[in-house]
Amino acid sequence: MFKLIASLIGKKHFSASLNIADIGCATGEFIHFLQQQFPGSIFTGIDVSEAMIGQAKKNMPKHTWECRDILTIPSDYQGKHDVLTCVGTLQIFDDINTPINNLLSYTKENGSIYIAGIFNNNPVDVITRYRPV
């Protein structure tokens with residue numbers, strides 16, 4: 001999945017420096033991969049788990065890491081990012097309208113959003129929940 005999304009980003013964006021945010025970044029593995037593909041870019045990782053953000057900060061201190069959720073990210077994010085990724089996150093929501101609208105508002109004009117997750121075409125509702133352990 002990482003390679004596919006990085007390939008799509010590379011085909012669309014030709015700038016040497018992109019402002020890339022990963023929503024639901026966990027411990028930052030995807031940003032770690034992307035920084036190798038787009039070394040001149042600025043990276044922001046956002047996740048609801050303080051423990052995961054703490055690990056990401058420890059492993060990659062030069063990037064920006066924020067403990068937030070997709071429903072409450074502040075308005076100063078509007079139009080800020082060239083690329084937003086959201087991998088394995090949207091399926092935890094019963095209603096994805098607010099998260100999708102927020103992703104759209106956080107992306108610059110002509111920017112891109114890459115969403116991946118557990119989705120299916122069958123008439124079966126699969127519910128995934130996040131809970132602290």
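## Packing around helix H2

In this predicted model, the buried residues of helix H2 pack against H1, S1, strand S2 (42-47), strand S3 (64-67) and S4. Helix H2 itself covers residues 29-37, and its buried residues are Phe30, Ile31, Phe33, Leu34 and Gln35.

The spacing of these positions can be read against the geometry of a helix. An α-helix has 3.6 residues a turn, so residues three or four places apart point the same way. Within H2, Phe30, Phe33 and Leu34 are among the buried residues, and the buried residues of this helix meet partners that include both a helix, H1, and strands such as S1 and S4.

## Overall fold

Four helices and five strands make up the secondary structure of the protein, and from the N terminus on these elements follow the order α-β-α-β-α-β-β-α-β. Among the contacts with a separation of 6 or more, 66% are accounted for by residues 24 or more positions apart.

The radius of gyration is 14 Å, which agrees with the value near 14 Å that a compact globule of 133 residues would have. Along its principal axes, the C-alpha trace spans about 40 × 30 × 30 Å. Of the 133 residues, 39% are buried, while the protein exposes about 7,900 Å², with carbon and sulfur atoms supplying 53% of that area.

Met1, Phe2, Leu4 and Leu8 together make a nonpolar surface patch of about 370 Å². Phe2 has its place in helix H1, which covers residues 2-12, and Phe2 counts as partly exposed because its relative accessibility is 31%. Leu8 also has its place in helix H1 and, at 36% relative accessibility, counts as partly exposed.

The loop in which His13 has its place runs between H1 and strand S1 (19-23).

The side chain of His13 makes a polar contact with the side chain of Ser112, at 2.9 Å. Leaving aside residues up to four places away in sequence, His13 touches Leu18, Asp82, Val83, Asn110, Gly111, Ser112 and Tyr114. Two residues of that list, Asp82 and Asn110, return below, Asp82 as a partner in a salt bridge and Asn110 for its backbone angle.

## Salt bridges

How many salt bridges does the model contain? The count comes to two. In one of them, Lys108 pairs with Asp82, with the closest N and O atoms 3.4 Å apart. Lys108 lies in strand S5 (residues 107-116) and Asp82 in strand S4 (residues 81-87), so this pair ties together parts that are 26 residues apart in sequence. Lys108 is partly exposed, with a relative accessible area of 33%, whereas Asp82 counts as buried at 17% relative accessibility.

A salt bridge also joins the side chains of Glu66 and Arg68, with an N to O distance of 2.7 Å. Arg68 counts as partly exposed because its relative accessibility is 32%.

## Backbone angles to check

Most residues other than glycine have a negative phi, and most peptide bonds are trans. Against that background, Ala26 stands out with a phi near 55°, a positive value in a residue other than glycine. Ala26 has its place in the loop between S1 and H2 and is partly exposed, with a relative accessible area of 22%.

Asn110 likewise has a positive phi, of about 70°, although it is not a glycine. Asn110 lies in strand S5 and is exposed, with a relative accessible area of 63%; Asn110 is also one of the residues that His13 touches.

Terms used
Residues are numbered from 1 along each chain as its sequence is written. This is a predicted model: local features need pLDDT of at least 70, side-chain atom pairs count only at pLDDT 80 or more; totals for chains, interfaces and linings use all residues. Side-chain values use heavy atoms; hydrogens and water are left out. Patches are made of residues with over 30% relative accessible area and no salt bridge: like charges are joined within 9 Å, nonpolar side chains (Val, Leu, Ile, Met, Phe, Trp, Tyr) within 5 Å. Accessible areas come from the Shrake-Rupley method with a 1.4 Å probe; for residues, only the protein chains shown count as cover. A salt bridge is a side-chain nitrogen of Lys or Arg within 4 Å of a carboxyl oxygen of Asp or Glu. Helices (H or I, at least four residues) and strands (E, at least two) are DSSP runs, numbered from the N terminus. Buried means under 20% relative accessible area, exposed over 50%, partly exposed in between (1.4 Å probe, protein chains only). A polar contact is a pair of N or O atoms within 3.5 Å; within protein, one must be able to donate a hydrogen and the other to accept it, and residues adjacent in sequence count only if both atoms are side-chain atoms. Contact means heavy atoms within 4.5 Å. The radius of gyration is taken over C-alpha atoms; the globule rule is 2.2 Å times the number of residues to the power 0.38.
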